[in-house]
Amino acid sequence: MHIEPGLVDGAKIVLSYATAAGAGAYALGAAWKHVRERGIASLLLGAAVTTALVFGFFEVFPHYPVGVSEVHLILGSTLFLLFGAAPAAFGLALGLLIQGLLVAPFDLPQYGMNVTTLLVPLFALQYVAGRTIAPETRYVDLKYRQALTLSATYQAGIVSWVTFWAVYGQGFSLESLTGVATFGAAYMLVVVLEPVADLAVLAAAKAGRSAGRRFRETAWLEPRLFNPA
């Protein structure tokens, strides 16, 4: 997901710095909580792994410009389920930044918008997970309906933020609304595919029970993956 260059420009782009700063402050709070509960090594290793994965997702997975942005299979809910909110947030932010620095420098002016669009839905997903997944349910035991709820929350957040940036930057014009509608329709495929990816990864983790028992004693995976809350 990358907001098209020029969609928001001039003085209006300052708002993206403020929203990104807010998302970053929340991520730092989540990181501090993560460190208190699981240690600094868990955060650093989780962030390193998720950063590499996100960079790979952006560069390897198919991505197509559609309307006002690009359609990506970001797997935000997968990262959340495997590593937790803070490592996933750092991975999304750093993976996006590395891609901009190394591959797509024309995206750097839109970094504030893009990182806001990726992180705020992640924190919404975290809230929904806490409200809809019973404490005794391990993530490896999630059903398709539950994975779909998480994916839909994340993708709906992305589409909502893309819509906001498009309307904020270009106004309620037919062109901007058409671009948003085209982008939103294309993202429906991601909403369907991402829960399948989530369940496939969770099934692989559950199948490797012997490895799973070792992972339970390590700090770099989300504890809810194999254990109740």
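I count Ala, Val, Leu, Ile, Met, Phe, Trp, Tyr, Cys and Pro as nonpolar, Asp, Glu, Lys and Arg as charged, and the others, Gly among them, as polar.

**Ground rules.** I am working on a predicted model, where local features need pLDDT of at least 70, side-chain atom pairs count only at pLDDT 80 or more, and totals for chains, interfaces and linings use all residues. I number residues from 1 along each chain as its sequence is written, and side-chain values use heavy atoms, with hydrogens and water left out.

**Lining.** I looked up the classes in the lining of the largest pocket and found twelve nonpolar, four polar and five charged residues. A pocket is an open set of points on a 1 Å grid over the protein atoms alone, where a 1.4 Å probe fits, with protein on both sides within 12 Å along at least five of seven lines; lining residues have an atom within 4 Å of a point.

**Salt bridges.** I require a side-chain nitrogen of Lys or Arg within 4 Å of a carboxyl oxygen of Asp or Glu. The count comes to three. I read 2.8 Å, N to O, for Glu 37 with Lys 33, and 2.9 Å for Asp 141 with Arg 138. Glu 222 pairs with Arg 38 at 3.4 Å between the closest N and O atoms.

**Burial.** I call a residue buried under 20% relative accessible area, exposed over 50%, and partly exposed in between (1.4 Å probe, protein chains only). Glu 37 is exposed at 53%, and Lys 33 is partly exposed at 43%. Asp 141 is partly exposed at 25%, while Arg 138 is buried at 17%. Both Glu 222 and Arg 38 are buried.
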